[in-house]
Amino acid sequence: MDQPDKHIEIWNNCLQIISQIVEPQQFKVWFRPIRAVSLSDSVLTVEVPSLFFQEYVESAFLDVLRMTLRRVIGEDAQLRYKVRPVQNQPAMRLSGQRVPTPVNPEVTVNTQPSSNPSPFVYPGLHKVQIDPRLNPAYCFANLVEGECNKMGVTAGLNIAGAPGKTVFNPLFIFGGPGLGKTHLAQAIGLAIKEKFPGQVVLYVTGSEFKNTYVHAVSVLNKMTDFLAYYMKLDVLIVDDIQDLLGHGCQNAIFNIFNYLHQSGKQLIFTSDRAPADLQNFEERLLSRFKWGLSVQLTAPDYKTRVKMLRSRAEREGVELPDDVLDFLASRVKTNFRELEGALISLIAHASVERGRSMMELASSITETLIGEEKSDVDIAKVQRSVCEYFNISREELVSKSRKRQIVQARQIAMYLSRSLISNCSLATIGQEIGGKDHATVLHACTTVSDLMATDKVFRKYVSDIESMIVPVSN
């Protein structure tokens with residue numbers, strides 16, 4: 001006869017073992033919120049707070065889980081996940097973090113004074129109706145997801161479904177220029193406004209916040225109104241937080257942060273660097289930036305660049321040949337902004353210079369964008385650099401050897417020849433590397449692109465070799 005609570009007993013036994021293996025704080029944060037749902041044969045189903053939570057547990061504790069389940073259930077043990085509905089999610093408590101009491105986003109603020117009023121509540125101030133200052137173009141539908149931003153998008157969608165009630169509060173997005181920090185932050189704000197129209201959302205840059213603060217203090221002497229205005233928000237998005245310098249200004253954002261966070265409101269920040277690398281910031285403020293989730297956005301890989309170009313071209317109502325999109329993605333690699341600029345420039349030139357082919361225009365535009373530093377790159381230089389890096393001879397590189405290292409080096413040489421050499425055909429690349437046909441070269445480029453997106457070690461190989469061919473100037 002089946003025991004109805006057998007799954008709970010099994011999971012409790014697992015937790016007992018896991019608690020002896022992982023650190024107490026890790027156990028508290030990542031295992032306590034998991035609930036056993038059912039047990040069928042050797043398959044244990046558990047419920048987790050979010051998809052991100054599941055991905056993190058699987059990546060960080062896979063070996064621990066596998067060993068524990070086999071020990072408790074047997075060699076055939078399997079673990080399945082079920083994402084808990086948002087309304088059933090308990091609050092998670094992190095180290096040093098006060099967990100906000102859940103509030104209904106549709107409930108307006110009670111302006112009646114209490115017997116013990118908060119020092120942050122100002123009588124007579126009602127829920128404000130403000131322009132969130134969000135650009136409709138920066139929605140999730142227009143945001144291209146790839147390995148470069150997957151974690152941020154996952155967290156953002158979780159936040160949009162339950163602002164202020166997830167473990168991602170605050171969300172701190174950082175990375176270099178043009179990588180989509182503003183787009184992601186605003187996409188979250190737009191999604192919240194769409195799902196919860198009553199939520200008061202505000203997007204502001206760090207410099208705008210600072211200027212408004214200075215104006216309130218020194219010109220209008222309206223500091224009380226300034227703080228009260230921000231404390232009425234449900235979602236605060238501060239872009240380029242690194243610009244928010246000055247003791248008084250940081251003290252203001254510190255107080256606003258505390259009030260909003262303790263009230264269960266959502267905070268989102270973006271920066272060009274990680275919290276630990278911010279200069280001239282008060283330690284108490286930096287520690288609060290680290291309370292939730294810090295997500296780094298990185299340069300998009302080849303597949304994501306092509307996907308982004310195709311998406312933006314469709315938004316502009318323009319259909320571009322695949323070889324032109326491929327060429328742009330191969331040449332402009334730094335960030336989304338430069339890639340988008342190249343595409344818009346190409347579309348503009350194509351509407352005027354009708355006598356030139358799209359590929360010719362694309363070549364001219366990218367040459368202007370990335371400069372002349374790659375003009376001396378040829379197939380011979382690419383092959384020499386690859387051979388030097390892998391410590392093989394050119395004869396081995398162009399041979400028919402199927403040794404893993406030789407094949408990998410050969411594919412990287414073809415990929416970099418295509419990426420770094422302007423107007424170099426697939427047939428030419430193939431001819432110079434052992435007489436391969438264009439289909440073989442195309443397959444090699446696709447393989448390298450896929451591996452770069454999934455294998456950090458392989459991606460470093462390609463990056464290191466590219467730096468040897470085209471040194472980065474500081």
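The chain exposes about 23,800 Å², of which carbon and sulfur atoms supply 50%, the areas coming from the Shrake-Rupley method with a 1.4 Å probe. This is a predicted model, in which local features need pLDDT of at least 70 and side-chain atom pairs count only at pLDDT 80 or more, whereas totals for chains, interfaces and linings use all residues. Residues are numbered from 1 along each chain as its sequence is written, and side-chain values use heavy atoms, with hydrogens and water left out.

Of the 474 residues in the chain, 48% are buried, that is, under 20% relative accessible area with a 1.4 Å probe and protein chains only. The chain holds 19 helices and eight strands, taken as DSSP runs (H or I of at least four residues for helices, E of at least two for strands) and numbered from the N terminus.

Trp 30 belongs to helix H2, residues 24-30, and it counts as buried because its relative accessible area is 13%. From Trp 30 to Gln 54 the separation is 24 residues in sequence and 9.3 Å in space, C-alpha to C-alpha.

Further along, helix H16 (residues 404-420) packs against helix H18 (residues 438-454) at an angle of about 95°, their axes lying 8 Å apart. H16 and H18 are therefore roughly perpendicular to each other, a term covering angles of 65 to 115 degrees. In this contact (heavy atoms within 4.5 Å), H16 contributes residues including Ile 412 and Arg 418, and H18 contributes residues including Leu 442 and Met 452.

Technical notes
Buried < 20%, exposed > 50% of the residue type's maximum accessible area, 1.4 Å probe, protein only. Axes fitted to C-alpha atoms, helices over the stretch in contact; angles between N-to-C directions. Parallel < 35°, antiparallel > 145°, perpendicular 65-115°, else oblique.
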